[in-house]
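Hi everyone, thanks for making time for this. Please bring up the model on your screens, and we will walk through it together.

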Amino acid sequence: MEKNYSLPADHDLFPDGAKRCSLMQFMAWMGIVGVVAAWGLYAAYKVLSTGLGVTALDDYFGFGLWITFDLAVIALGAGAFFTGLLRYILNIDPLKNIINLTVIVGFICYSGAMLILVLDVGQPVRAWFGYWHANVHSMLTEVIFCITCYLIVLIIEFIPLVFEQKQLDRIPVLHHIAHNLHVMMPLFAGVGAFLSTFHQGSLGGMYGVLFARPYVFRDGFFVWPWTFFLFVISAVGSGPVFTVLIATIMEKMTGRKLVSWEIKSLMGKIAGSMLFVYLIFKFLDTYGWIEHILPHAGLTFDQNFYGNIYGQWLLWAELGVCGVLPCIILLTPSLRNNPALFYSAALLDCIGITINRYVFTVQALAMPVMPFDSWETYAPNWAEWGSSALIIAYGAIVLSLSYRYLPVFPQEKKLNATKA
Amino acid sequence: MEIKEFKVKWGMAIDLDKCTGCGACMVACQAENNLAPIADASNKIKVMNWLVVYELSNKKPFPEHDVAYLPRPCQQCGHPPCVSVCPVVATDKNEEGGIVSQIYPRCIGCRYCMAACPYHARYFNWLDPVWPEGMEKALTPDVSVRPRGVVEKCSFCHHRFMKAKDKAIAEGRDPEALADGDYVTSCAEACPNGAIVFGDLNNPDHQVYHLSRSKYASRLLERLHANTQVYYLSRREWVRRQLDNYLDNEKVKG
């Protein structure tokens with residue numbers, strides 16, 4: 001067979017009909033990402049070899065950037081379970097065009113969060129104690145159970161996509177495994193939705209049960225504090241648009257259309273609807289917190305804020321600019337179908353959820369509860385930023401490899417047909 | 001809310017009007033419980049102190065200015081915020097006496113208990129403990145040292161409790177009915193003014209029983225219902241007002 005030297009050296013591995021940049025270009029991009037990853041690996045090495053003393057965490061801020069990062073990526077990774085639920089259980093068929101990407105993004109978010117936890121936990125080799133010596137009363141136990149189980153589900157969901165790689169698909173056994181896993185996918189989507197709902201909720205519950213921390217303490221329904229439900233709904237109100245943002249960044253970087261506007265708009269509408277439901281509950285929750293929980297603890301609303309770093313602006317930014325505003329844009333067809341407004345709304349939505357996770361993690365610990373104690377402030381240092389950057393680099397590597405070699409986007413061929 | 005009750009309940013009554021803030025209790029605690037010195041102790045919220053003395057101020061200008069000092073050990077809550085959250089049962093409240101335990105070989109170092117505790121009574125081993133040469137020979141043999149990566153806290157000198165019970169058994173007395181003074185924490189022992197009184201909160205033969213029932217006694221952050229086993233006494237109303245959060249229209253107890 002005659003070789004076509006105008007094609008990239010690894011073109012035999014590309015999905016059918018897909019055009020990709022040259023291998024040199026790809027390696028250059030991987031080199032840039034690799035530099036960031038190397039910095040992060042050094043930070044991770046320092047943390048593991050020296051101890052958490054190299055971070056800016058202290059006895060007031062036992063949780064910091066890493067836990068915020070984990071909570072944010074787990075919320076934003078919720079696109080995977082929620083889209084899976086809508087696609088496989090509720091049969092919203094058009095979502096098949098983005099489901100692969102949601103699975104990959106979900107896998108990156110969850111595996112990345114677990115890698116961060118390896119650093120964040122003081123005794124990572126004892127991580128299995130969560131199963132062996134489980135305290136069934138702890139929300140964190142539920143988080144440990146559900147996150148590890150759900151990561152396994154995500155791996156199972158990712159496997160068929162890997163086996164559908166053009167060369168691997170020629171191996172009969174892999175082809176059949178992929179096919180059979182596809183047949184069983186509604187089952188995994190259902191299990192994933194169940195596990196995800198519970199650990200998203202438990203992550204919120206983790207804060208809501210802290211009855212001696214009035215900033216985050218919430219009464220609730222039965223054994224679940226309100227934050228349990230708020231964290232679930234806010235995750236599904238932002239996860240879908242996060243996946244859309246990732247798809248759009250990939251489109252800008254590769255210069256190819258990957259997901260049609262209709263699908264993006266549908267994901268925006270889904271996220272907007274969930275964001276609307278979330279905001280109703282969030283406003284009710286905030287009202288209940290101000291009127292009931294704070295006075296009960298002998299505190300006023302103003303006592304929960306401090307200077308600029310933990311000022312009220314964070315609350316208003318979360319609820320208004322990054323809550324109500326993107327919700328209006330995503331739910332109004334004329335606004336939603338304006339790409340600039342749509343992407344801005346998606347970004348604001350994700351920022352709002354990140355602010356929420358940040359204030360629940362950091363501001364809650366910064367605020368003094370004993371009247372004679374004082375506000376403390378926290379700023380992460382290079383070791384925490386570096387290792388977080390490692391996870392972003394890891395995500396970029398997984399996404400880049402998946403895009404280059406796996407059939408991630410079913411619409412790609414059709415959307416780029418005129419260009420070819 | 002479920003509060004763990006015991007026949008014997010070890011507790012403290014700390015008279016804030018007697019405390020001069022000398023810090024002897026902190027030093028005694030550090031030495032007794034094998035707390036390693038920190039190489040760089042400039043960041044005061046990253047150093048290990050099972051017991052910290054806080055300075056309270058009435059924030060008034062001279063001549064009305066007044067200060068008080070408040071020693072803060074672990075409050076050994078009856079309804080501990082830290083226990084239910086621990087994912088691996090590395091901390092518990094299930095022993096007669098009501099002392100909240102901390103099991104170092106079980107702790108995974110997630111620090112969720114630290115986030116839960118409003119008293120900042122829990123400390124994390126950020127680095128390996130390093131003992132200046134010779135100091136390791138002065139360690140208390142009954143207290144285990146802790147590795148990096150685990151949380152620790154005041155145990156009301158639990159090893160002294162064990163010793164007191166052993167002594168009672170050896171002398172043919174009931175180890176579950178120790179007399180006042182049989183078991184005393186190192187901080188209470190070191191206090192030059194007798195500001196810290198330790199004993200069984202449920203036993204009328206113990207001084208702490210009566211002090212804890214004084215009209216001037218209250219506990220830290222009572223309205224959060226942690227139900228602590230450490231009582232603070234002061235005849236100064238402004239001091240008692242700083243023991244809990246009060247809205248402007250609320251009257252202080254006592």
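Predicted model: local features only at pLDDT ≥ 70, side-chain atom pairs only at ≥ 80, totals over all residues.

Residues are numbered from 1 along each chain as its sequence is written, while chains are lettered from A and ligands numbered from 1 in the order in which they are written.

How confident is the predictor? The model scores ipTM 0.94 and pTM 0.95.

Now to chain A. It has 16 helices and two strands; helices (H or I, at least four residues) and strands (E, at least two) are DSSP runs, numbered from the N terminus. The C-alpha trace of chain A spans about 80 × 55 × 40 Å along its principal axes. Of the 420 residues of chain A, 48% count as buried, meaning that 20 or more other C-beta atoms, placed from the backbone, lie within 10 Å of a residue's own.

Next, how many residues does each chain bring to the contact? Chain A gives 39 residues and chain B gives 46 residues, where two residues are in contact if their C-beta atoms, placed from the backbone, lie within 7 Å. On the side of chain A that touches chain B, helix 5 (129–132) and helix 6 (139–163) of chain A each supply at least two residues. Helix 6 of chain A gives the most, with three residues.

Finally, let's look at strand 8 (residues 230–233) of chain B. Is this strand covered on one face or on both? Both faces are covered: V230(B) and Y232(B) on one side, and Y231(B) and L233(B) on the other, are all buried. In a regular strand the side chains alternate between the two faces of the sheet.

What about its partners? Strands pair if DSSP finds at least two bridges between them. Strand 1 (residues 10–15) of chain B runs parallel to strand 8 of chain B, joined by four bridges, and A13(B) stands opposite Y231(B). Strand 7 (residues 217–218) of chain B runs antiparallel to strand 8 of chain B, with two bridges, and here S218(B) stands opposite Y232(B).

How values were computed: Buried ≥ 20, exposed ≤ 12 C-beta atoms within 10 Å, placed from the backbone.
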